[in-house]
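Please consult the sequence and the structure shown below while reading.

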Amino acid sequence: MVFSRPAMKKPQGSPGRPPHRPTDTSRRLVAVLAAEAVPQAVISSLLGIDAKTLRRRYRKELDRGAAMVQAVLVMHLYRLAGGKGAVALRATRFALRSRFGWSEYSPRD
């Protein structure tokens with residue numbers, strides 16, 4: 001006695017999720033959240049996509065948002081450094097170390 005298997009149907013479409021298509025709204029959302037220093041893992045979960053997809057589809061928005069955060073922090077640092085007192089001294093020293101490679105311990109030229 002020979003058993004025959006029923007014919008298997010071919011699955012419709014491709015398996016997995018459909019490809020993510022960025023919209024103008026999602027691009028603006030990513031840019032704003034990145035500018036507010038929201039972690040990429042949180043942004044990707046809000047959009048319902050993988051972090052890898054976020055970096056691939058929204059690279060320009062993520063980079064622009066990171067540049068905006070850096071600009072705001074540098075402006076705030078320079079404002080603090082322009083003041084008076086101990087906070088201004090610490091801000092100035094931090095700016096010299098981080099932005100210009102200054103060190104108290106490096107030999108003088």
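In this predicted model, Leu54 is in contact with Val30, Gln40, Ile43, Ser44, Leu47, Ile49, Arg59 and Leu62, leaving aside its neighbours within four places in sequence. Leu54 lies in helix H3 and is buried, with a relative accessible area of 0%. The points below begin with this residue and its surroundings, and then turn to helix packing, further residues and the chain as a whole.

**Leu54 and the nonpolar core**

- Leu54 and Ile43 stand 11 residues apart in sequence, and their C-alpha atoms are 8.1 Å apart in space.
- Both Leu54 and Ile43 belong to the largest nonpolar core, which has eight residues.
- H1 supplies the largest share of the core, namely three residues.
- As a general background, nonpolar side chains in soluble globular proteins tend to be buried together.
- Ser44, one of the contacts of Leu54, is found in helix H2.
- Ser44 is buried because its relative accessible area is 4%, where the cut-off for burial is under 20%.
- Leaving aside neighbours within four places in sequence, Ser44 is in contact with Ile49, Asp50, Ala51 and Leu54.

**Packing of H1 against H4**

- In general terms, two packed helices are described by the angle between their axes and the distance between the axes.
- The axes of helix H1 (residues 24-35) and helix H4 (residues 59-81) cross at roughly 30 degrees and come within 7 Å.
- Because angles under 35 degrees count as roughly parallel, H1 and H4 are roughly parallel to each other.
- H1 and H4 cross in a right-handed sense.
- On the H1 side, the contact is made by Arg27, Val30, Ala31, Ala34 and Ala35.
- On the H4 side, the contact is made by Glu61, Leu62, Arg64, Gly65, Ala66, Met68 and Val69.
- By class, the contact of H1 with H4 comprises eight nonpolar residues, one polar residue and three charged residues.

**Packing of H1 against H2**

- H1 packs with helix H2 (residues 40-47) at an angle of about 155 degrees, the axes being 10 Å apart.
- Because angles over 145 degrees count as roughly antiparallel, H1 and H2 are roughly antiparallel to each other.
- The crossing of H1 and H2 is right-handed.
- H1 contributes Ser26, Leu29, Val30, Leu33 and Ala34 to the contact, and H2 contributes Ile43, Leu46 and Leu47.
- By class, the contact of H1 with H2 has seven nonpolar residues, one polar residue and no charged residues.

**The loop between H1 and H2**

- Ala37 is placed in the loop between H1 and H2.
- The phi of Ala37 is near 65 degrees, a positive value in a residue other than glycine.
- For context, most residues other than glycine have a negative phi.

**Further buried residues**

- Thr53 has its place in helix H3 (residues 51-57) and is buried, with a relative accessible area of 16%.
- Not counting residues up to four places away in sequence, Thr53 touches His20 and Tyr58.
- Ala95 lies in helix H5 (residues 86-100) and is buried, with a relative accessible area of 5%.
- Ala95 touches Leu77, Tyr78 and Phe100, not counting residues up to four places away in sequence.
- Ala95 and Tyr78 are 17 residues apart along the chain, and their C-alpha atoms are separated by 7.9 Å.

**The chain as a whole**

- The secondary structure comes to five helices and zero strands, with the elements running α-α-α-α-α from the N terminus on.
- Buried residues make up 19% of the 109 residues in the chain.
- Among contacts with a separation of 6 or more, 47% are accounted for by residues 24 or more positions apart.

Terms used. Residues numbered from 1 in each chain as written. Predicted model: local features only at pLDDT ≥ 70, side-chain atom pairs only at ≥ 80, totals over all residues. Heavy atoms only, no water. Axes fitted to C-alpha atoms, helices over the stretch in contact; angles between N-to-C directions. Helix = DSSP H or I, 4+ residues; strand = E, 2+ residues; numbered from the N terminus. Parallel < 35°, antiparallel > 145°, perpendicular 65-115°, else oblique. Left-handed = near helix turned anticlockwise from the far one by under 90°. Contact = heavy atoms within 4.5 Å. Nonpolar A, V, L, I, M, F, W, Y, C, P; charged D, E, K, R; others polar. Core = buried A, V, L, I, M, F, W, Y, C linked by side-chain atoms within 4.5 Å. Buried < 20%, exposed > 50% of the residue type's maximum accessible area, 1.4 Å probe, protein only.
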